[in-house]
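Morning, everyone. Let me put one structure up and walk through it with you.

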Amino acid sequence: MEKKKHVQPTKLKIRKGDLVKVIAGDSKGTQGKIVEVIIDKGRAIVEGANMVSKHTKPNAANPNGGIVKQEAAIHISNLALVDPKTGNTTRVGRKKNDAGKLVRVSKKSGEEIK
């Protein structure tokens with residue numbers, strides 16, 4: 001069996017807590033905050049997007065078990081950051097601010113992304 005080559009993860013332009021819009025896939029058009037970013041796989045979990053049904057056994061948290069709806073990871077190429085100023089999707093650039101710190105900025109409005 002072949003060994004998989006380890007691929008160096010690229011610098012991601014989105015972070016946990018960012019407001020993003022899904023631009024491709026079954027959840028296309030859905031907006032939500034990023035709950036978690038999985039860096040090594042290049043995926044993110046977005047609140048309310050890409051919902052899947054998971055069958056669970058009874059446990060302490062859910063004594064009856066059953067089917068639970070939860071978010072699944074989406075590839076970051078299918079996500080676009082929402083501009084904090086205009087509310088439209090935008091690409092992300094990086095610039096030095098007045099303090100000399102490198103910050104993320106919106107390509108459309110030039111607004112700094114917090």
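I will take the sheet, then the loops, then the charges.

Some ground rules. This is a predicted model, where local features need pLDDT of at least 70, side-chain atom pairs count only at pLDDT 80 or more, and totals for chains, interfaces and linings use all residues. Residues are numbered from 1 along each chain as its sequence is written, and side-chain values use heavy atoms, with hydrogens and water left out.

Start with the sheet. Six strands make up an open sheet with antiparallel pairing. The order is S6-S3-S2-S1-S7-S8. Strands here are DSSP runs of E, at least two residues, numbered from the N terminus. Pairing means that DSSP finds at least two bridges between two strands. At the edges sit S6, residues 73–75, and S8, residues 89–90. Each of those two pairs on one side only.

S1 covers residues 19–22 and S7 covers residues 79–82. They pair in the antiparallel sense over three bridges. Across that pairing, Val 22 stands opposite Leu 79 in S7. S1 also pairs with S2, residues 31–38, again antiparallel and over three bridges. There, Val 20 stands opposite Gly 32, and Lys 21 stands opposite Gln 31.

Which residues of S1 are on its covered face? Val 20 and Val 22. Leu 19 and Lys 21 are on the uncovered one. In a regular strand, side chains alternate between the two faces of the sheet.

Next, S2 and S3. S3 is residues 43–46, and its antiparallel pairing with S2 runs over four bridges. Ile 38 stands opposite Arg 43 in S3. The two strands form a hairpin, with four residues between them. In the turn, Gly 42 has a positive phi of about 70°.

There is another positive phi to look at. Asn 50 has one of about 55°, although it is not a glycine. Asn 50 is in the loop between S3 and strand S4, residues 51–56. Its relative accessibility is 24%, so it counts as partly exposed. For the cut-offs: buried is under 20% relative accessible area, exposed is over 50%, and partly exposed is in between, with a 1.4 Å probe and protein chains only.

From Lys 33 to Asn 97 is 64 residues in sequence and 25 Å in space, C-alpha to C-alpha. Glu 36 is also found in S2, and at 40% it counts as partly exposed. Glu 36 and Ser 109 are 73 residues apart in sequence and 26 Å apart in space, C-alpha to C-alpha.

On to charges. Side chains of opposite charge can pair when their charged atoms come close. The rule for a salt bridge is a side-chain nitrogen of Lys or Arg within 4 Å of a carboxyl oxygen of Asp or Glu. How many salt bridges does that rule give? Two.

One of them joins the side chains of Asp 18 and Arg 104, at 2.8 Å, N to O. Asp 18 lies in the segment before S1 and Arg 104 in strand S10, residues 102–106, so the pair ties together parts that are 86 residues apart in sequence. Buried or exposed, this Asp 18? Buried, at 5% relative accessible area. Arg 104 counts as buried too, at 7%.

The other joins the side chains of Glu 112 and Lys 114, at 3.7 Å, N to O. Glu 112 is partly exposed at 32%. Lys 114 is exposed at 77%.

Last item: the surface patch. Positive charge gathers there from Lys 11, Lys 13, Arg 15, Arg 91, Arg 94, Lys 95, Lys 101, Lys 107 and Lys 108. Patch members have over 30% relative accessible area and no salt bridge, and like charges are joined within 9 Å. One of the members, Arg 91, lies in the loop between S8 and strand S9, residues 92–96. At 64% relative accessibility, Arg 91 counts as exposed.

That is the tour. Questions, please.

How values were computed. Patches are made of residues with over 30% relative accessible area and no salt bridge: like charges are joined within 9 Å, nonpolar side chains (Val, Leu, Ile, Met, Phe, Trp, Tyr) within 5 Å. Accessible areas come from the Shrake-Rupley method with a 1.4 Å probe; for residues, only the protein chains shown count as cover. Lys and Arg count as positive and Asp and Glu as negative; His and the chain ends are not counted. The place of a charge is taken as NZ of Lys, CZ of Arg, CG of Asp or CD of Glu.
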